[in-house]
Amino acid sequence: MLPFFLSLLLLPLAATLAYETTYLLPPDAVSLLSFKSKADSDNKLFYNLNERFDYCQWRGVKCAQGRVVRFVVQGFGLRGTFAPSTLSRLDQLRVLSLQNNSLSGPIPDLSPLLNLKSLFLGRNSFSGSFPPSVLVLHRLMVLDLSYNNLTGSIPVELSVLDRLNSLRLERNMFNGTLPPLNLSFLVFFNVSGNNLTGPIPLTPTLSKFDTSSFSLNPDLCGELVNKACSRVRSPFFDSPSSTDDNSSTAPLSQSVQAEGEGMLLSPPSPRKHKRTTAIFGFAVGVSLLIVSLVCISFILVKKQRKRNQTYYSEDKQPVAPPESMNSIHTNSTTQIQDIREYSEAVVNAKSKEIEIQQARRAGKSGSLVFCGGEIQMYTLEQLMRASAELLGRGTVGTTYKAVLDNQLILTVKRIDASKTAITSTDSFDWHMEAVGGLRHPNLVPIMAYFQAKGERLVIYDYQPNGSLFNLIHGSRSTRAKPLHWTSCLKIAEDVAQGLAYIHQASKLVHGNLKSSNVLLGADFEARITDYCLAVLADTSAVEDPDSVACKAPETRKSSRRATSKSDVYAYGILLLELLSGKHPSQHPYMAPTDILDWVRTVREDDGADENQLGMLTEVASVCSLTSPEQRPAMWQVLKMIHEIKESVLVEGNSALGYS
């Protein structure tokens with residue numbers, strides 16, 4: 001036995017050796033030991049590290065080239081929690097199975113496991129909501145979360161996991177509606193024993209499964225469970241107060257706010273009583289014309305008969321009238337007949353036109369009107385049955401994300417009559433037909449609209465990647481740098497192209513351009529939304545201070561209509577927001593010559609080319625000039641952006657040695 005004082009001297013050495021051994025452990029071994037320390041309270045896993053790569057021989061562990069690719073410890077009696085930053089560090093993991101244990105707590109972030117193909121977490125006591133990090137695991141083929149205590153809704157975005165062939169979510173406490181899953185390779189599916197409600201979407205995927213896949217959800221209905229669904233009022237027509245507490249507030253990704261005024265396209269005679277009076281007057285006029293023609297024809301015929309009776313021979317014997325008189329008689333009769341037929345044709349044509357107009361108005365009232373040649377892929381009834389998620393409220397109305405039972409996802413804007421200027425039914429029809437006909441790659445297309453009994457809906461194509469506002473401000477810390485200047489240039493070009501198209505293709509203006517009204521499409525292209533609807537806003541309503549900062553000075557706190565030049569001003573402010581990463585309400589008041597210095601300061605010299613950055617800032621400066629007359633037209637702005645883009649390409653080719 002070592003003397004006591006000698007053992008005291010050796011303790012620091014032992015600690016140092018232990019530290020060095022731990023420090024030299026491979027990262028995968030550290031991840032496994034970290035998981036065991038939190039999940040194996042009863043020491044069921046006998047993991048000892050005698051040599052550096054012994055962890056590949058541990059129970060349930062399989063390696064390939066020294067990296068863990070499988071970790072299967074199902075039924076080991078583990079008791080504890082699945083701690084974050086443990087197994088999620090095994091970035092080469094293909095199969096992870098922890099099922100049939102007693103693990104509890106929430107499921108941690110698994111997004112680093114991008115190579116994962118099979119995830120078995122069933123038959124534990126996991127709690128919390130559906131793990132959103134699973135939705136980025138695009139190689140996933142098997143997902144089993146069954147027999148846990150998970151709550152909340154089943155995310156609609158599950159359809160992005162297009163390689164899934166097995167999805168087990170049974171025996172949890174999921175609620176809400178069942179999303180319209182569209183997974184072509186799905187062969188096993190079970191959501192039984194939850195608290196799901198509403199109709200089961202009749203998608204090709206879900207229609208493959210029988211009643212057992214949906215059983216023990218008392219409030220599910222539809223053909224697949226042989227239970228009729230009771231008709232419920234559409235969420236789009238709920239009163240604003242009824243959705244305040246029950247709807248989740250979405251990010252500003254697709255918030256709909258409309259301020260200012262623009263030009264509302266109206267029919268020539270917007271008031272129905274004037275149109276009715278005109279039609280009635282026309283009918284009376286035509287009737288009088290017909291009566292007059294009949295009278296004239298009667299008089300002519302009578303005179304002609306009298307003339308025929310006056311032609312006698314010298315011996316006072318009646319003779320036939322001369323040929324010229326016969327011709328006159330025939331021609332007059334023919335002309336009278338032609339006039340009658342023409343009058344009848346005019347009356348019939350006008351009556352037919354009136355019938356067609358009435359039919360069109362009746363067809364538009366109370367039904368969906370599809371715009372821009374869009375094919376009718378859904379009905380009003382399907383839209384009313386859709387599950388709806390509140391996205392945002394604005395000064396014109398409320399916006400929802402709607403998931404239809406045929407798996408389509410739409411954005412539905414309900415225009416609130418109490419927040420909008422009064423427009424007639426015909427005026428709204430004419431305006432929406434004009435706006436709905438606009439089609440451009442950098443505009444979010446209006447698919448359809450609806451109006452009946454004071455209710456108005458505008459249906460857009462849904463954009464999956466949120467808004468430019470979120471890209472700039474949403475998930476970035478206050479100290480994060482603004483977007484790279486090349487990204488700013490690409491977005492600036494996209495927005496300029498969409499805005500220039502609106503100005504050139506129609507007499508309309510956007511009237512409410514800002515970063516929350518620029519959405520990101522499937523390929524992250526910038527697409528403008530809420531265009532040409534600001535004209536519907538009630539100008540007497542109190543405006544959002546943040547939105548006022550985006551408006552041109554001449555349209556603030558006045559009844560002056562928005563113009564193409566006020567759109568250019570809003571574009572300049574948007575460009576400064578892109579370059580600086582600062583919300584327009586945080587932009588300091590400064591002279592145009594000082595704007596570039598301010599942009600350079602807030603960007604903290606991110607390596608941007610000074611020449612291109614300067615030119616892009618100059619475009620923003622000239623667009624946001626106080627005087628509307630000094631601002632360029634949008635087509636001129638687009639030309640400036642293209643010149644900057646060309647200069648970037650030229651300098652890039654020069655750097656590569658091309659002439």
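A disulfide is a pair of cysteine sulfur atoms within 2.5 Å. In this predicted model, Cys 56 and Cys 63 meet that condition, with their sulfur atoms 2.2 Å apart. The structure holds 2 disulfides, and the other pairing joins Cys 221 to Cys 229, where the sulfur atoms lie 2.0 Å apart. When the bonded cysteines are counted along the chain, the pattern is 1-2, 3-4.

The geometry about the S-S bond may be taken for each link in turn. The link of Cys 56 and Cys 63 is left-handed, with -95 degrees about the S-S bond. The link of Cys 221 and Cys 229 is right-handed, with 110 degrees about that bond.

A residue is buried under 20% relative accessible area, exposed over 50%, and partly exposed in between. Cys 56 therefore counts as buried, because its relative accessibility is 15%. Cys 371 has a relative accessibility of 5% and so counts as buried. Cys 532 is likewise buried, with a relative accessible area of 2%.

Ser 192 counts as buried because its relative accessibility is 8%. Its side chain makes a polar contact of 2.7 Å with the side chain of Asn 190. Leaving aside residues up to four places away in sequence, Ser 192 touches Glu 170 and Arg 171, together with Ser 212, Ser 213, Phe 214, Ser 215 and Asn 217.

Further along the chain, the reader may turn to a pair of helices. Helix α11, spanning residues 564–580, packs with helix α12, spanning residues 592–603, at an angle of about 35 degrees, and their axes are 9 Å apart. On the side of α11, the contact is made by Leu 576, Leu 578, Leu 579 and Ser 580; on the side of α12, by Ile 595, Trp 598, Val 599, Val 602 and Arg 603. These contact residues of α11 and α12 divide into 7 nonpolar, 1 polar and 1 charged.

Notes. Residues numbered from 1 in each chain as written. Predicted model: local features only at pLDDT ≥ 70, side-chain atom pairs only at ≥ 80, totals over all residues. Heavy atoms only, no water. Buried < 20%, exposed > 50% of the residue type's maximum accessible area, 1.4 Å probe, protein only. Polar contact = N/O pair within 3.5 Å; in protein donor to acceptor, adjacent residues only side chain to side chain. Contact = heavy atoms within 4.5 Å. Axes fitted to C-alpha atoms, helices over the stretch in contact; angles between N-to-C directions. Helix = DSSP H or I, 4+ residues; strand = E, 2+ residues; numbered from the N terminus. Nonpolar A, V, L, I, M, F, W, Y, C, P; charged D, E, K, R; others polar.
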